[in-house]
Amino acid sequence: MQGRANLDKLAKERSIGVFSHYQALHISPAAAKFARSMVCTEAAECASQLRRLPMWVGLSALNVDAVVALVHDALA
């Protein structure tokens with residue numbers, strides 16, 4: 001958990017967009033509509049820990065280096 005907290009803190013300080021908006025499928029609107037209700041505590045826990053890093057084909061090498069440094073520094 002410390003690495004995740006460090007990542008969030010450093011990302012904010014460095015103005016790097018790191019997001020955690022993933023929703024586990026069993027609690028999604030589609031699941032409520034089409035699936036039976038179920039408890040998946042492991043899936044919910046994993047979803048709360050997931051971080052989406054800024055990566056796309058047009059990202060500059062300098063930006064990629066900044067993201068890599070962010071993750072490295074957060075986990076060091």
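1. Does K9 count as buried or exposed? K9 counts as exposed, because its relative accessibility is 51%. The cut-offs are under 20% relative accessible area for buried, over 50% for exposed, and partly exposed in between, with a 1.4 Å probe and protein chains only. K9 is in helix 1. Its C-alpha atom is 27 Å from that of L25, 16 residues away along the chain.

2. Basis of the model. This is a predicted model, in which local features need pLDDT of at least 70, side-chain atom pairs count only at pLDDT 80 or more, and totals for chains, interfaces and linings use all residues. Residues are numbered from 1 along each chain as its sequence is written, and side-chain values use heavy atoms, with hydrogens and water left out.

3. Secondary structure. The protein chain has four helices and zero strands. Its pattern along the sequence is α-α-α-α. Helices (H or I, at least four residues) and strands (E, at least two) are DSSP runs, numbered from the N terminus.

4. Overall form. The chain is more spread out than a compact globule, because its radius of gyration is 16 Å, well over the 11 Å that the globule rule gives for 76 residues. That radius is taken over C-alpha atoms, and the rule is 2.2 Å times the number of residues to the power 0.38. Along the principal axes, the C-alpha atoms fill a box of roughly 45 × 30 × 15 Å.

5. Burial and surface. Of the 76 residues, 22% are buried. The chain exposes about 5,800 Å², and carbon and sulfur atoms supply 63% of that area. Accessible areas come from the Shrake-Rupley method with a 1.4 Å probe; for residues, only the protein chains shown count as cover.

6. The core. The largest nonpolar core has eight residues: L7, L10, A11, I16, V18, V67, L70 and A74. Helix 1 (2-13) and helix 4 (61-75) are the elements that give two or more residues to this core. Such a core is a set of buried Ala, Val, Leu, Ile, Met, Phe, Trp, Tyr and Cys residues joined through side-chain atoms within 4.5 Å. In soluble globular proteins, nonpolar side chains tend to be buried together.

7. Contacts. Leaving aside neighbours within four places in sequence, I16 is in contact with A11, P54, A66, V67 and L70. Contact means heavy atoms within 4.5 Å. Across the chain, residues 24 or more positions apart account for 70% of the contacts with a separation of 6 or more.

8. L75 lies in helix 4. At 63% relative accessibility, L75 counts as exposed. L75 and G3 are 72 residues apart in sequence, yet their C-alpha atoms are 5.1 Å apart. N6 is found in helix 1. N6 counts as partly exposed, at 24% relative accessibility. From N6 to A69 the C-alpha distance is 13 Å, across 63 residues of sequence.

9. A backbone point to check. S15 has a positive phi of about 55°, although it is not a glycine. S15 sits in the loop between helix 1 and helix 2 (29-34). Its relative accessibility is 69%, so S15 counts as exposed.

10. Charges. The mean positions of the 8 positive and 6 negative charges are 9 Å apart. Lys and Arg count as positive and Asp and Glu as negative, with His and the chain ends not counted. Each charge is placed at NZ of Lys, CZ of Arg, CG of Asp or CD of Glu.
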